[in-house]
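Visitor: Hi! Could you show me how to read a protein model, one feature at a time?
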Amino acid sequence: MSKRVEVDITIPNQTKYLGMIGRIGESMAYSLKSYNGNRRELAYHLNLVLTEALANVINHANNCDPDKEIKISISASDKDLIIKVFDQGEGFDIEALAKLKASTGDEGGRGIQIIYKLMDQVRYFRQDNENILEMTKYPQ
Amino acid sequence: MQLNITEHDDIVKISVAEERMDAHNSGDLKEQMLQLFDDGKCNLIIDLSQVRFIDSSGLGALVSGFKNASARDGNLKLCCLQPQVQSMFELTRLHRVFEIFTNHDEALESF
């Protein structure tokens with residue numbers, strides 16, 4: 001039985017760190033050993049969902065305040081790959097947002113829909129005075 | 001964001017010289033396009049050959065440029081998309097909005 005690999009990261013609330021975290025997400029795609037799908041595509045998708053989730057926290061939950069921080073946890077085992085992004089904002093109704101279909105002419109509103117399309121399970125819940133966006137990918 | 005601009009008659013080509021086009025830098029492209037629109041240049045080609053990664057903010061910047069160009073009777077077309085970037089347009093169905101060309105000569109000739 002292989003062990004779970006877990007990485008916990010804290011970054012300043014600044015978009016310049018998006019690329020760095022995205023690259024870590026890409027690397028973690030190769031830790032989901034039993035994944036049978038296109039691994040390069042999975043790496044790209046993990047980079048993307050991390051970028052979307054973090055940009056959402058930076059711009060909305062943390063109101064672009066560069067002095068705030070964001071916690072991220074990525075863990076992978078044979079059974080799943082779980083990304084958690086923590087925020088201390090007011091929270092939002094993620095399912096309502098996911099149901100809103102961005103019209104092709106809209107400039108924004110695609111981030112959450114992209115996360116739902118690319119991950120197998122998405123949950124957003126409150127725990128210990130913070131919100132957690134939990135995004136899970138299972139081996140195909 | 002590093003943007004290289006070349007003009008071909010009344011068509012302006014913007015080459016995005018970045019590997020990532022995301023929430024950190026896509027505002028720069030949006031501002032550059034608005035500057036061109038203010039200067040009366042409304043026919044744009046965006047060359048994405050160097051872009052390996054695009055997120056919803058990058059897509060939003062391109063939609064903004066497309067809408068502004070169209071509102072001024074111009075057009076914004078895309079060329080040279082890498083496969084993963086192309087897949088993002090398909091995922092979001094934006095490939096139905098933009099004219100996408102495999103190389104910039106084809107894009108130029110289409111105006």
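This is a predicted model: local features need pLDDT of at least 70, side-chain atom pairs count only at pLDDT 80 or more; totals for chains, interfaces and linings use all residues.

Guide: Residues are numbered from 1 along each chain as its sequence is written, with chains lettered from A and ligands numbered from 1 in the order in which they are written.

Visitor: How many helices and strands does chain B have?

Guide: Helices (H or I, at least four residues) and strands (E, at least two) are DSSP runs, numbered from the N terminus. Chain B has four helices and seven strands, in the order β-β-β-α-β-β-α-β-α-β-α from the N terminus.

Visitor: What radius of gyration does chain B have?

Guide: You take that radius over C-alpha atoms, and the globule rule is 2.2 Å times the number of residues to the power 0.38. For 111 residues a compact globule would come near 13 Å, and chain B agrees with its 12 Å. Its C-alpha trace spans about 30 × 25 × 25 Å along the principal axes.

Visitor: Is A:Glu6 buried, exposed or in between?

Guide: Count other C-beta atoms, placed from the backbone, within 10 Å: 20 or more is buried, 12 or fewer exposed, and in between partly exposed. A:Glu6, in strand β1 (residues 5-12) of chain A, is partly exposed because it has 13. In chain B, 49% of the 111 residues are buried.

Visitor: Which residues does A:Glu6 contact, leaving aside neighbours within four places in sequence?

Guide: Contact means C-beta atoms, placed from the backbone, within 7 Å. Here the partners are A:Ser73 and A:Ser75.

Technical notes:
Two residues are in contact if their C-beta atoms, placed from the backbone, lie within 7 Å.
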